[in-house]
Amino acid sequence: MDLISEDLNIFDSTHFINIYENHFRFKKDGIEISCLDFNTTNFVLNTDFINQCRKAVNTERKAFSLHELQGQDSVLKKYEKIDIVFKNCKFTDFTVNEQIIQDNIFIEFDINDEEVKNLQMNFMRISSSKFYGKFYINKQYNGYKEIFNIAKLIIEDSNFYDNFKLHKCKVNDIIIKDCDFERNADFFKSQFLSGEKKDNQSTGIYLHALNFKGLALFGDVHFYKKFHLRYVTIEGYIHFRNAIFNEGLDL
């Protein structure tokens, strides 16, 4: 059963840039959205939201009169991708459905902000989408080493053409199926407690019908239930360095 809360409203991105402008920081390579609380909405990442971010970045660059951008109708003629960084933002539900995402998406946290410790996302669903930029959740670096909690994570029927990272996430229920990872897929230090369920009982943790064309990295990952690789093609290199399998590994 999906965990999306029926009482949550779909996030309205219509005037997002104007309403929350105090939460933005523009960088040479994109935009950082910091310390926003999306807990009362189902946040939907879609092209409308991304186009607002692109437009804001374009406007900001032109305001600085960057010589190389003058006279161009679109900043995308020079910059094919921008970074969209969610920094220390709070989410309940996060959805990407039937989207084509060209830009880099980063969900990051800073250990120096006490309010972001012990955060939990109720539900994240990525379905029927294509990502041509990087997609990182909780990438580990010197500034942040806390666990990010996700109650339920579903990634299905999607293609990742650039690097994918799911770092140090504690996921109660995880389902990943029917996906292609064209480059590297990295699950460093994550904890997977359970996966598919039958009669409310976990039948194990399954990666089903996946293509790993680059590196598949499961370093320091803890699998609390039996881990199954079913109909998985590995064209590159896969490693489970220091991984823990409480109930075994089924290849």
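Reader: What makes R25 and E32 a salt bridge?

Author: The side chains of R25 and E32 meet at 3.2 Å, N to O. A salt bridge requires a side-chain nitrogen of Lys or Arg within 4 Å of a carboxyl oxygen of Asp or Glu, so the pair qualifies. This is a predicted model, in which local features need pLDDT of at least 70 and side-chain atom pairs count only at pLDDT 80 or more, whereas totals for chains, interfaces and linings use all residues. Residues are numbered from 1 along each chain as its sequence is written, and side-chain values use heavy atoms, with hydrogens and water left out.

Reader: Why is E32 called buried, and why is R25 called partly exposed?

Author: Buried means under 20% relative accessible area, exposed means over 50%, and partly exposed lies in between (1.4 Å probe, protein chains only). E32 has 10% and is therefore buried. R25 has 44% and is therefore partly exposed.

Reader: How do you know that K134 forms a salt bridge with D162?

Author: The closest N and O atoms of K134 and D162 are 3.9 Å apart, so the pair falls within the 4 Å limit. The pair links distant parts of the chain, 28 residues apart: K134 lies in the loop between strand 10 (130-131) and strand 11 (135-137), and D162 in the loop between strand 13 (159-160) and strand 14 (164-166). Strands here are DSSP runs (E, at least two residues), numbered from the N terminus. At 25% relative accessibility K134 counts as partly exposed, whereas D162, at 6%, counts as buried.

Reader: Which residues join D162 in one network?

Author: R183 also forms a salt bridge with D162, the closest N and O atoms being 3.2 Å apart. Salt bridges that share partners join K81, K134, D162 and R183 into one network. R183 is partly exposed because its relative accessible area is 42%.

Reader: Why is S127 called buried, and what does S127 touch?

Author: S127, found in strand 9 (residues 120-127), has 6% relative accessibility and therefore counts as buried. Contact means heavy atoms within 4.5 Å. Not counting residues up to four places away in sequence, S127 touches V96, N97, E98, E156, D157 and S158.

Reader: What makes the pair F218 and F223 tilted?

Author: Rings of Phe, Tyr and Trp (its six-membered ring) pair if their centres lie within 6.5 Å; planes under 30 degrees apart count as stacked, over 60 as edge-to-face and the rest as tilted. F218 and F223 are 6.2 Å apart, centre to centre, with 45° between the planes, so the pair is tilted. Both F218 and F223 are buried. The count comes to 33 aromatic pairs.

Reader: How do you know that the charged end of K165 sits over the ring of Y136?

Author: The criterion is NZ of Lys or CZ of Arg within 6 Å of the ring centre and within 35 degrees of the ring normal. The charged end of K165 is placed over the ring of Y136, 5.2 Å from its centre.

Reader: Why are strand 2 and strand 24 called edge strands?

Author: Nine strands form an open sheet in the order 2-3-5-8-11-14-16-20-24, with mixed pairing. Strand 2 (24-27) and strand 24 (237-239) each pair on one side only. Two strands pair if DSSP finds at least two bridges between them. Three bridges join strand 20 (residues 215-217) to strand 24, so these parallel strands pair.

Note on methods: Helix = DSSP H or I, 4+ residues; strand = E, 2+ residues; numbered from the N terminus.
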